[in-house]
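Me: I am new to this structure and would like to learn how to read it with care. Could we go through its features one at a time?

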Amino acid sequence: MRCDQRCEHCMLNLHGESPRVHHIKPSEDGGAHTLSNLIVLCPNCSWKVKNGDIDRAALKQIIDEKELENARINNLAAREIDEWFIGLDNTVIYLV
Ligand SMILES: [Zn+2]
């Protein structure tokens with residue numbers, strides 16, 4: 001899970017809290033129900049977003065950075081699988 005059971009804004013551990021899932025761009029403004037437009041927040045951050053004390057652009061930046069990092073990790077994993085394999089004698093063979 002992307003949020004790792006923490007508020008994606010303040011990183012508060014959400015054990016025992018009631019997490020809120022927010023649309024970064026509100027659905028009434030055409031915001032999609034997609035992961036890149038959703039963020040998990042603690043009740044305090046959720047309240048701050050509703051009050052305008054947390055900028056939605058800052059939330060978007062958090063999610064964009066996480067998605068970029070996930071893409072980098074997935075790309076790295078795919079490349080590692082492409083570049084090496086285990087030989088019959090259990091040695092790792094690298095493709096160069
Ligand atoms: Zn929070």
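**Reading the model step by step**

Reply: Met11 lies in the segment before β1, where a strand (E, at least two residues) or a helix (H or I, at least four) is a DSSP run numbered from the N terminus. Residues are numbered from 1 along each chain as its sequence is written. This is a predicted model, in which local features need pLDDT of at least 70 and side-chain atom pairs count only at pLDDT 80 or more, while totals for chains, interfaces and linings use all residues.

Me: Why does Met11 count as exposed?

Reply: A residue is buried if 20 or more other C-beta atoms, placed from the backbone, lie within 10 Å of its own, exposed if 12 or fewer, and partly exposed in between. Met11 counts as exposed because it has 12 C-beta neighbours inside 10 Å. Gln5, which also lies in the segment before β1 (20-23), counts as exposed because it has 11 such neighbours.

Me: What should I notice about phi in Gln5 and in Met11?

Reply: Most residues other than glycine have a negative phi. In Gln5, however, phi is near 55 degrees, a positive value, and in Met11 phi is near 70 degrees, again positive.

Me: In what order do the elements run?

Reply: The chain has two helices and four strands, and from the N terminus on they run β-β-α-α-β-β.

Me: Which residues form the largest nonpolar core?

Reply: A nonpolar core is a set of buried Ala, Val, Leu, Ile, Met, Phe, Trp, Tyr and Cys residues joined through C-beta atoms within 7 Å. The largest one here has nine residues, namely Cys7, Ile24, Ile39, Val40, Leu41, Cys42, Cys45, Val49 and Leu59. β2 (38-41) and α1 (43-51) each supply at least two residues of this core, and β2 gives the most, with three. Of the 96 residues of the chain, 14% count as buried.

Me: Which residues does Leu41 touch?

Reply: Two residues are in contact if their C-beta atoms, placed from the backbone, lie within 7 Å. Leaving aside residues up to four places away in sequence, Leu41 touches Cys7, Glu8, His9, Arg20, His22, Ser46 and Val49.

Me: Where in the chain is confidence lowest, and where is it highest?

Reply: The predictor's confidence in each residue is its pLDDT, from 0 to 100. The chain averages 85, and 81% of the residues score at least 70. Confidence is lowest in strand β3 (residues 84-86), at a mean of 61, and highest in α1, at 94. Where pLDDT is low, the predicted coordinates should not be read in detail.
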